[in-house]
Amino acid sequence: MAIFTVHVPPGTTNATRRADRTIFVREGFSVPAFLFGPVFLLYRRLWLATLGWCVLAVLLATLAHVLHLPVWSVTALFFLLALMTGLEASTLRQAGLGRRGYIFAALLASATRDEAERAFFRGEGLRPPLQRPVAGMKAPETEVIGIFPRAGDLA
């Protein structure tokens with residue numbers, strides 16, 4: 001089972017248009033981000049992450065040159081950079097979507113993205129308890145997780 005976070009576009013009132021622009025981000029290791037690093041980041045429009053990756057790569061190359069590191073250690077350093085990119089790709093993408101105004105709408109566990117889409121539009125999945133449901137989507141059954149009170153219950 002894979003875990004997906006669902007992000008809906010801001011300010012879209014048309015349900016069909018909102019459904020087309022809804023983004024499902026798979027949690028976990030990203031092989032394309034590991035293999036293609038900055039190309040993946042550029043493709044996902046993660047400009048700040050791409051800039052950070054390039055600065056870090058230049059710093060690693062400069063450090064390797066100044067310290068006269070052997071080839072195997074430079075390779076290991078860049079392997080670690082690629083590994084970090086693969087591990088953090090989904091987090092970077094979620095942060096980028098948040099900066100563009102997308103709203104975190106749900107967390108789903110599903111075998112495939114298609115199943116996650118069907119479950120989300122049926123109203124399934126964990127929804128943020130303190131956030132109002134997006135217009136046109138089924139509201140969650142309860143807004144309480146565990147023993148936390150609802151807003152206004154303490155008054």
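This is a predicted model: local features need pLDDT of at least 70, side-chain atom pairs count only at pLDDT 80 or more; totals for chains, interfaces and linings use all residues.
Biologist: Where does helix 2 kink, and by about how much?

Modeller: At Gly37, by about 120°, shortly before the proline Pro38. That angle is a bend because it compares the axes fitted to the seven residues ending there and the seven starting there.

Biologist: What makes Ser30 a cap for helix 2?

Modeller: A side-chain oxygen of Ser30 lies 3.3 Å from the backbone nitrogen of Ala33. The cut-off for a polar contact is 3.5 Å, so the pair qualifies, and Ser30 caps the N-terminal end. After the helix comes Arg45, with a positive phi near 60°.

Biologist: Which residues of helix 2 are buried, and what covers them?

Modeller: Ala33, Gly37, Phe40 and Leu41 are the buried ones. Their cover includes helix 3 (47-66) and helix 4 (71-99).

Biologist: Why is strand 1 (residues 2-8) called largely enclosed?

Modeller: Because six of its seven residues are buried, which means under 20% relative accessible area.

Biologist: And how do you know that strand 1 pairs with strand 3 and strand 2?

Modeller: Pairing takes at least two bridges. Seven join strand 1 to strand 3 (residues 103-110), antiparallel, with Phe4 partnered by Leu108. Four join strand 1 to strand 2 (residues 23-26), also antiparallel, and there Val6 stands opposite Phe24. So both count as pairs.

How values were computed. Residues are numbered from 1 along each chain as its sequence is written. Side-chain values use heavy atoms; hydrogens and water are left out. Helices (H or I, at least four residues) and strands (E, at least two) are DSSP runs, numbered from the N terminus. Buried means under 20% relative accessible area, exposed over 50%, partly exposed in between (1.4 Å probe, protein chains only). Contact means heavy atoms within 4.5 Å. A polar contact is a pair of N or O atoms within 3.5 Å; within protein, one must be able to donate a hydrogen and the other to accept it, and residues adjacent in sequence count only if both atoms are side-chain atoms.
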